[in-house]
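Please look over the sequence and the 3D structure below.

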Amino acid sequence: MIKIISALLITATVMFAHSEEHAHWDYATHGPADWGHFSATCEKGKSQSPINIRTVDTVNLNSSHILKLDEDRHTVAEVIDNGHSIKITPKKGGKIVLNGVVFKLLQFHFHGNSENTVNGVHFDLEMHMVHQNADGTLAVVAVVYNEGKNNPALDNILGGIGKTIRIDPADLLPADTNKYYHWVGSLTTPPCSEHVEWYLLKEPQSASKEQIAAFRKYYDHNFRPTQPLNNRKVEAR
Ligand SMILES: [Zn+2]
């Protein structure tokens with residue numbers, strides 16, 4: 001009898017776990033406050049992203065954290081609406097080098113408004129270029145956008161949703177890539193895994209009012225609120 005009951009309990013537990021998995025995280029019904037149901041790290045992690053960068057609290061960049069960008073590749077890329085963002089997957093991505101270690105570009109995607117804030121202020125959009133090294137460690141290069149003139153590289157993406165486009169990821173970077181913030185954080189979506197190297201390029205890019213509106217037709221608030229910094233330091237260069 002006990003065996004049967006315990007077998008039933010196990011079955012019930014497994015079924016419950018499965019129904020939880022089948023509920024999808026989002027930014028509304030199953031929004032950021034509920035993401036602990038999808039991954040405990042989202043709720044309990046102490047080095048979560050995004051963050052608010054208080055510029056007065058930043059420290060000088062440790063030279064071992066210098067970011068070397070090498071994204072200039074002419075490639076084809078798939079542009080999809082994956083239900084959480086507009087995601088671009090280049091066939092032949094570029095790379096970044098951190099302290100001699102190569103991280104390859106896997107994909108990039110957009111959030112609106114920005115996820116990270118500077119002195120409490122959001123930007124209109126934020127792009128995350130997600131890179132990975134041979135050990136599986138992730139490094140994200142973030143580019144922020146404010147409303148201004150039309151951005152041709154964004155037109156290419158916004159006009160290519162659901163298609164394969166020709167792209168050079170370097171076209172999405174600001175002219176000055178030598179000024180940035182660095183910290184260690186997490187993925188900003190479940191499973192919110194930590195030990196992610198973050199670089200936010202300081203020079204904002206522009207996107208026209210129409211381009212921002214075109215993105216908002218897909219996602220008008222796919223950004224997680226900023227998370228406690230706890231004992232982390234943000235480095236600046
Ligand atoms: Zn992101």
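In which sense do strand β5 and strand β7 pair? Strand β5 (residues 86-90) and strand β7 (residues 101-111) pair in the antiparallel sense, over two bridges. Strands here are DSSP runs of E, at least two residues long, numbered from the N terminus. Two strands pair if DSSP finds at least two bridges between them.

This is a predicted model: local features need pLDDT of at least 70, side-chain atom pairs count only at pLDDT 80 or more, and totals for chains, interfaces and linings use all residues. Residues are numbered from 1 along each chain as its sequence is written.

| Partner of β7 | Sense | Bridges |
|---|---|---|
| β6 (residues 95-98) | antiparallel | four bridges |
| β9 (residues 125-132) | antiparallel | seven bridges |

Now some residues. K87 stands opposite H109 in β7. K95 has K104 of β7 as its bridge partner. K104 also stands opposite Q132 in β9. The hairpin of β6 and β7 has two residues between the strands, and N99 there takes a positive phi near 50°.

Next, the core. The largest nonpolar core has 46 residues; M127, V140, A142 and Y199 touch the most other members. Strand β10 (residues 138-147) gives the largest share of this core, seven residues. Such a core is a set of buried Ala, Val, Leu, Ile, Met, Phe, Trp, Tyr and Cys residues joined through C-beta atoms within 7 Å. Buried means that 20 or more other C-beta atoms lie within 10 Å of the residue's own, with C-beta atoms placed from the backbone.

Leaving aside neighbours within four places in sequence, V140 is in contact (C-beta atoms, placed from the backbone, within 7 Å) with H128, M129, V130, V196 and W198.

Technical notes:
Buried ≥ 20, exposed ≤ 12 C-beta atoms within 10 Å, placed from the backbone. Contact = placed C-beta atoms within 7 Å.
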